[in-house]
Amino acid sequence: MAHILLVEDSPEVSLSVREILTAAGHSVEDAASGKEALVRLKGSRFDAIVSDIWMPEMDGIALLKEIRGAGNNIPVVVISGGAPNAPLTYTAPLAATFGANVVVYKPFERAELLKAINTALSP
Amino acid sequence: MGPLITKPQTPSSSSPFDDRVSAARFIEALPAAAIIVDEGGDVVAANARAEDILGCAAAAAIGRPVDGAFKLFLDRAIRAAGVEQTNFVQPFGVGWYMIYCFPLQSGAVSETWRVIAAFDITAMKHAEFEIRESEARLEEATRIAQLGTYKIFWQTASVQWSPHMYVIHGVSLDGFRHGVDNYRNFVHPEDRETFERIFSDQLDGKALRAAEYRIIRGDGSVRWLRLDARVLFDADGEPYASFGTCQDVTEGKQREQELKQLLRRNAILYEALDASPIGVAVVTTDRARPEFFYANAEFERLTGYNTSSLSDNGIDSLRAHPGGADGWDGVLRTFATSVSGAFELACTRKDGAIFLAQVEVAPVRDYPGREATVFVLNLRDITLDRQRAGQILQSQKMEALGQLSGGVAHEINNLLQPILALSDLGQDFADTDPAKVRKYFEVIASSARKARDVVRQVLTFARRDTPQLAAHNIAGLVAEALNLLQSGLPPGIVLQQDLHAGEAIALVNPTQVSQVVLNLVANAADAMNGKGTVAVKLAEVDLDATRASALTVAPGRWIELSVADGGCGMDSYTLSRIFEPFYTTKVAGKGTGLGLSVVYSIVAGWGGALKVESEVDQGTKAMIYNPFAPSQHATSSSD
């Protein structure tokens, strides 16, 4: 089972994703923004990151840049509801460009997310 | 008519007049009144012509001392310093006389007799006066006409000037030595050739008509002179001189020059107006109805009329129905009240076609504050502009729709996520962990409610539902809305109310008023991080043309609702995007980014305008301008 960093600003979304992951046996730590995620990354060792894109302070793309820029190859699953001022289809290529391993669109089924985590974790 | 000259003679024994008889015979032959007096002053002889002056018969005067006029003549002659023979002009009675007085020596007697002869020269004197008078009259006439006269005598090339010539040339009567070489010094360097031709033409015996050249006077002033000359002939019919008049026409020339410049200016202005891409017309209103005084080429092209055919029917030419109620009424009102104005109205062409016109009217005032009777009227065909603006509006709508769908999708997706995941997971724990499931249900319900609110906001923005507008006391509604929201504000926020709109009635929807107030106050409170003063102000204001056009509303009286905070403010980039739906700087769940978009669309629905001013770290002020309801009767102060 994996230790996962969940980065999501909406408390409701954060709750539902954490519940899916913990029910599947993963352990989860929360962060409400990219900035907070960077702090958590320094404190603990994670197997994977599940991150939203559109967040205040530091969004998911900026977080990806930081992580990959620092040479960290930790698997990242991006969960996206689309950006407010950009078409939904814009998110996937953007995330892929900056090093996301898998992109999952909200609202997703439990199985979709778990499959994405597995894909990201498998070498 | 010389007198008889008698040579001075030495006294001799015999004389031509050795007796009184021959002396009397001598003077009788003179064509003058004459007497002879002896040394003692007694009259020796008198002729018949002398009787008028003597006042008695000639015979009666003889042997008596000379008296009367002849005594006067004799005394004056004797006073003439011992001159033996003298003559002078002497007025007497109604006539003039030339008096000759000379001695008549008698050889027989050693006494000297004197002849006193008075020749009547009255007629000659009168003729002389007449000549002098006519000369004076001519001089006076030429002086009044500012006319100098001159003569050029051909033989000697000498010149004679009338006094006014000296005035024209700015020299004193003795201050100029005549001669063409001296004269050339007066002539303006640019006109020397002209002058030489004029001078030689006169010497050639040619007449001059309105020959003009410039002189420079001693004081440096430049004057324009005009010469007219003709040839004079002598008694034998031979030409001998040029006689000319000379006039200073400088003032006339200057006026002519000014007139030329004025005409040129006018011509340029007319050309410029005709080249203008905007229709320009000048309307006069000093008659019973406005008349077209001028219309430029573009105005004629736009309307199909020329100025004169426009003059026939005035403004009615451009209306679909003469005298009918349409947008032109506003234009006519500006004429009546001497104000400027801008209008969009239907303009009818001569061929009957109608175009959407933008008309701007401005009074042309002779004096500030005086009522204008002349107006300038700008006319543009904005039909195409409108169509283009419509296209732009359409593409903006499509863009907004894209943003809207993206934004709605983001919001709804985020809210569906917990609903979908937790309703699935909840089934796993239905039997084992009812507390967890209850928690799931709470989150599911609140997410669903939020989703519902998003849809409602979107619908308001899209104005799918058109709320009923009614006349309400705006101050009452605002006060009530503030009352309701006060309890929900963070404790650090002070609400400062300043509602001064009195009984102002606006056509609004009460729910929308509270929505607007709520949104603006919530934004203000958020901007100050829950600590500070939000000032809500309601007032009646007058928007002048500048402010009104910035807000794209008509100038006049409006109800202003403003909400100001001293918060973080916005930079110009953020400020430019605030009306975009779903644009937000707030964290997810704290704002949908629809607030100001909703306020905007509500206010637009009221026929009002919304303006937001902001400066980083200084604060933000949102201002809403609402029109007054057509009638000042409220259905209720609030509801």
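In this predicted model, B:Asp565 stands opposite B:Thr620, a residue of strand 22 of chain B. The pairing to which strand 22 belongs joins residues 619–626 to strand 20 of chain B, residues 556–565, and it runs in the antiparallel sense over seven bridges.

Helix 16 of chain B, spanning residues 510–527, packs on the sheet and touches strand 17, strand 19, strand 20 and strand 22 of chain B, while its direction makes about 35° with that of strand 20 of chain B. The sheet itself is open and has five strands in chain B, ordered 17-19-20-22-21, with mixed pairing. Strand 17 (493–500) and strand 21 (609–615) of chain B each have a single partner strand and stand at the edges, so that one side of each is left without a neighbour in the sheet. On average, and with direction ignored, neighbouring strands of this sheet are turned by 15° against each other.

A further helix of chain B, helix 15 (residues 474–486), lies across strand 17, strand 19 (532–543), strand 20 and strand 22 of chain B, and runs at about 170° to strand 17 of chain B. The buried residues in helix 15 of chain B are B:Ile474, B:Ala475, B:Leu477, B:Val478, B:Ala481, B:Leu482 and B:Leu485. Because they cover an arc of only 165° around the axis, they lie on the same side of helix 15 of chain B. An α-helix has 3.6 residues a turn, so residues three or four places apart point the same way. The face of helix 15 of chain B turned away from the buried side carries the exposed residues B:Asn483 and B:Leu484. At the start of helix 15 of chain B, a side-chain oxygen of B:Asn473 comes to within 3.0 Å of the backbone nitrogen of B:Ala475.

Turning to chain A, helix 5 (residues 110–121) has 12 residues and reaches 17 Å from its first C-alpha to its last, close to the 16 Å expected at 1.5 Å a residue. Buried in helix 5 of chain A are A:Arg110, A:Leu113, A:Ala116, A:Ile117 and A:Ala120. These residues cover an arc of only 135° around the axis, which puts them on the same side of helix 5 of chain A. The exposed residues A:Ala111 and A:Lys115 are carried by the face of helix 5 of chain A turned away from its buried side.

Note on methods: Residues are numbered from 1 along each chain as its sequence is written. Chains are lettered from A and ligands numbered from 1 in the order in which they are written. This is a predicted model: local features need pLDDT of at least 70, side-chain atom pairs count only at pLDDT 80 or more; totals for chains, interfaces and linings use all residues. Side-chain values use heavy atoms; hydrogens and water are left out. Two strands pair if DSSP finds at least two bridges between them. Helices (H or I, at least four residues) and strands (E, at least two) are DSSP runs, numbered from the N terminus. Axes are lines fitted to C-alpha atoms, for helices over the stretch in contact, and angles run from 0 to 180 degrees between N-to-C directions. Contact means heavy atoms within 4.5 Å. The expected span of a helix is 1.5 Å times one less than its number of residues. Buried means under 20% relative accessible area, exposed over 50%, partly exposed in between (1.4 Å probe, protein chains only). The arc is that of the directions from the helix axis to the C-beta atoms. A polar contact is a pair of N or O atoms within 3.5 Å; within protein, one must be able to donate a hydrogen and the other to accept it, and residues adjacent in sequence count only if both atoms are side-chain atoms.
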